[in-house]
Each structure stands twice: as structure tokens, then as C-alpha cells.
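Colleague: I am new to this one. Could you show it to me and walk me through it?

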Amino acid sequence: MKILLNGFSGRMGAAVLEVCSNGYLGAEVVAGVDLFPKESDIPCYKDFSDVREKADCIIDFSNHASIKAVADYAVASSLPLVVSTTGHTQEEKKIIEKAAESIPVFYSANMSMGVALLCRMATLTAKTLPGADIEIVETHHNRKLDAPSGTALMIANAIKSVRENAKYVFGRHGMAKRETDEIGIHAVRRGNIVGIHEVIVSTDYETITIKHEAHSRTLFAEGAIAAAEYLTGKEPGLYDMASMIG
């Protein structure tokens, strides 16, 4: 499988290159796109219009603001697209949804299958304990721009699918009692943490804690490559981790 990698020069771009160099799923990065191309044996361009190499899929590990350029090129080239970037605005999400009408698009705020399992377990717990209080705490490195993380929102949205009246409370301050339909979402930024997501479900008599901790960015690189392989032969549409793990 030949990959065109957007965000070639970034940390996650480096992780994808390393995973491919180790032969994971037989994937190969044939070219990259980045505003700041770095020297490499693999060609890297500033603009998609300069790309000449043939690819089987695009993996996007860049910045959310580049999604229009990525999606336009993917649609024009009839290439499946794996969007692994977070922090998209509502307008940018509409661009992703529009592209999915023409090509298969894999869109996930987190490329970890473990996080997908956490979402499933959190949803089951929330459904089984309908009156329980739910708090989500996410921790990332001190350079992360978006807060709360896209993964924390993905978890919250999964829980909201079984708690339709739930409302999100970002952080907690002031003088107000916690309401029963709240989902608290808290962001912590410190050090060089790759990613920790914790869901705390409490009644008056018991607490269930579900936690996922990423130890290396390699985890997300492997997930993106697995998603690219999963899209092979798929019809146009929007796919995600829940689709892939079945």
C-alpha cells in the first residue's frame, strides 16, 4: 500500500515514516506534503499540486486548517483519505462530510483501537447506570493546542448517544451544584504526556473508572495505517474506529 503523507515533517509524520520503515502492513510512504519540507530520500512538497507520485491512500497528520486542500486533492484524485488531525471547526467538519460523498473517508479524533474500546465500555456503563455522574479527564503534553482534546469530545459524544439530554460542562468553577445530566470534561496540560483519557462514573455507592494511556505516538501511526488498509475497496462514505473494530 502506497501512502501520501500530509504533515510529513511533523512528529506524527515521523512516527508514520518509522512504522512504515519497519514494514508494518507492507505500507510505504511514497511522498509527503508539508509547509516546511524536510530533507529526506522520500520527496516532500509544499503543495499538493506538485505531487507526481502515485498513491493508494492519503494519511493526514497535519493541522486542521489544511483540511480543504487535503480533501480537494483526495476527491480530485479519487484517493481514500484518513483524517487523523484534531481540532476541526464545524465548517471544516462539513468539508470532511462533503468529501465522503465522493470517496471513502476515515475520520477519528483518536487513531487508537484501545480508545475505541474505551468509548464502547464507557457507553455501556453510562447506559447501565443511567443516574450516575460522569466526568472525563484528559491529559496531554504542554504543546497541545486544542482543549478539550478531540478524543475527550469523541468519548463524550459516544456517551451522549445513550444520554440524549446530557450537557457538557467544560471545567468546573463558581458556586453551583452539579446537575444530574452533566458530563464534566476537564483538560490537563503538562510535560510530555502523549495522551491519557479517563472516564469516571460514580453513583452514591460505587465508582467505575475506565482509563486509556498512550505510551508512544507509534500507537496512532499504526492505527492510521490500519485505517488506510481498511479503506481499501470501500465505497464512498464516512468511516471511523467503531466501524473498523466492528
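Modeller: A term to begin with: two strands pair if DSSP finds at least two bridges between them. Helices (H or I, at least four residues) and strands (E, at least two) are DSSP runs, numbered from the N terminus. This is a predicted model, in which local features need pLDDT of at least 70, side-chain atom pairs count only at pLDDT 80 or more, and totals for chains, interfaces and linings use all residues. Residues are numbered from 1 along each chain as its sequence is written, and side-chain values use heavy atoms, without hydrogens and water.

Colleague: In what order do the 7 strands of the open sheet run?

Modeller: The order is β3-β2-β1-β4-β5-β6-β12, with parallel pairing. The edge strands, β3 (44–45) and β12 (237–239), each pair on one side only.

Colleague: And which residues of helix α3 are buried?

Modeller: In α3 (residues 90–99), Glu-92, Ile-96 and Ala-99 are buried (under 20% relative accessible area; exposed is over 50%, partly exposed in between, with a 1.4 Å probe and protein chains only). Seen down the axis of α3, these residues fall within an arc of 65 degrees (taken from the directions from the helix axis to the C-beta atoms), so they line one face. On the other side, Gln-90, Glu-91 and Lys-98 are exposed.

Colleague: What covers the buried residues of α3?

Modeller: The cover includes α2, β5, β6 (104–107) and β12, where contact means heavy atoms within 4.5 Å.

Colleague: New topic: where does His-141 lie?

Modeller: His-141 is in the loop between β7 (133–140) and α5 (150–160). The residue is buried, with a relative accessible area of 15%.
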